[in-house]
Amino acid sequence: MKILVITGPTASGKTDVALRLADRYPVRLISIDSAMVYRQMNIGTAKPDAATLDRYPHALVDIRDPADSYAVSDFVDDADAEVRRAMANGQTPVLVGGTMMYLRAFRDGLDAVPRSTPEVRRHIADRAGEVGWEQLHAELQRIDPEAAALIHPNNPQRLSRALEVYTMTGEPISTFWGQAEGAAQRLDLPLEEYLVDVPDRSVLHARIARRLEQMLAEGFIEEVHALRQRGDLHLDLPSMRAVGYRQVWQHLDGECDEVTMRERILAATRGLARRQYTWLRRWSHIEPVAGETADERADRLA
């Protein structure tokens, strides 16, 4: 048995390949998507519809409320558990998705950094509200220059994490780096990674544009409106930073018209694809899967 990973840029057709593979073999599909973990966020995340999920269950989909956080360490723990569940059931674990930070953490492991608590996170957030993230970055520079050099002042999530560790332990987060154990060692299974790609960027951009039109036709704006109406969500939450949701929210706030909203979503989605390709260029070990259709690519994987 082995662990399979199917990854690639947004709108490349990763899920379709995974579904066709599931038609052929007993597999357990495990999502690698930081937005699909959230319930009530269906259209804008390109989440498979209810009928598809019923036929092809995906682990780690719809496991968090949008008001809650879901850390990379949570993903690694949950993915490890799902792989072990697949092994116990005689299934091949197939991780599919394009959140590259999740994939790297799963493959390479996480350093033994202590877990934070809601109270400590809230304390750091309150301080950021009082003095600003730039001031907190200056504090990190004093207590942990190595971490500060790698964490941008405009990255509040990573900056908060570094300060949380120091608050809880009195030790710089950098002292915990370099202690990771990779998936193959943790789970005692070989790991094979495959790339579903769209080499022609103009074709990929056209697919992104078509998908956005489909999302809007299916009620993406109404979906975000319903989330806003809850009253407990805001744009600083990780869930609402997902591509598309922020732009629709701003449109509903009156910051831009619908045409501008569409342009912003397309720009943000193309930016996401560029960032995904940046990760993928570093990972020359990931094998491209040849084929024009999802069936052809699934045949290659099979």
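Tutor: Happy to! Let's start with handedness: a crossing is left-handed if the near helix is turned anticlockwise from the far one by less than a right angle, and right-handed if clockwise. Here, H12 passes H13 in a right-handed crossing; helices (H or I, at least four residues) and strands (E, at least two) are DSSP runs, numbered from the N terminus. This is a predicted model, where local features need pLDDT of at least 70 and side-chain atom pairs count only at pLDDT 80 or more, while totals for chains, interfaces and linings use all residues. Residues are numbered from 1 along each chain as its sequence is written, and side-chain values use heavy atoms, leaving out hydrogens and water.

Student: Which residues in H12 and H13 meet?

Tutor: Contact means heavy atoms within 4.5 Å. Gln247, Val248, Gln250 and His251 in H12 meet Glu258, Met261, Arg264, Ile265 and Ala268 in H13.

Student: How are strands held in a sheet?

Tutor: Strands pair through backbone hydrogen bonds, either parallel or antiparallel. Two strands count as paired if DSSP finds at least two bridges between them. In this model, six strands make an open sheet with parallel pairing, ordered S3-S2-S4-S1-S5-S6.

Student: Why is one side of S3 and of S6 left without a neighbour in the sheet?

Tutor: S3 (58-59) and S6 (287-288) stand at the edges, each with a single partner strand, so one side of each has no neighbour there. For S6, strand S5 (residues 191-195) pairs with it in the parallel sense over two bridges, and Tyr194 stands opposite Glu287 in S6.
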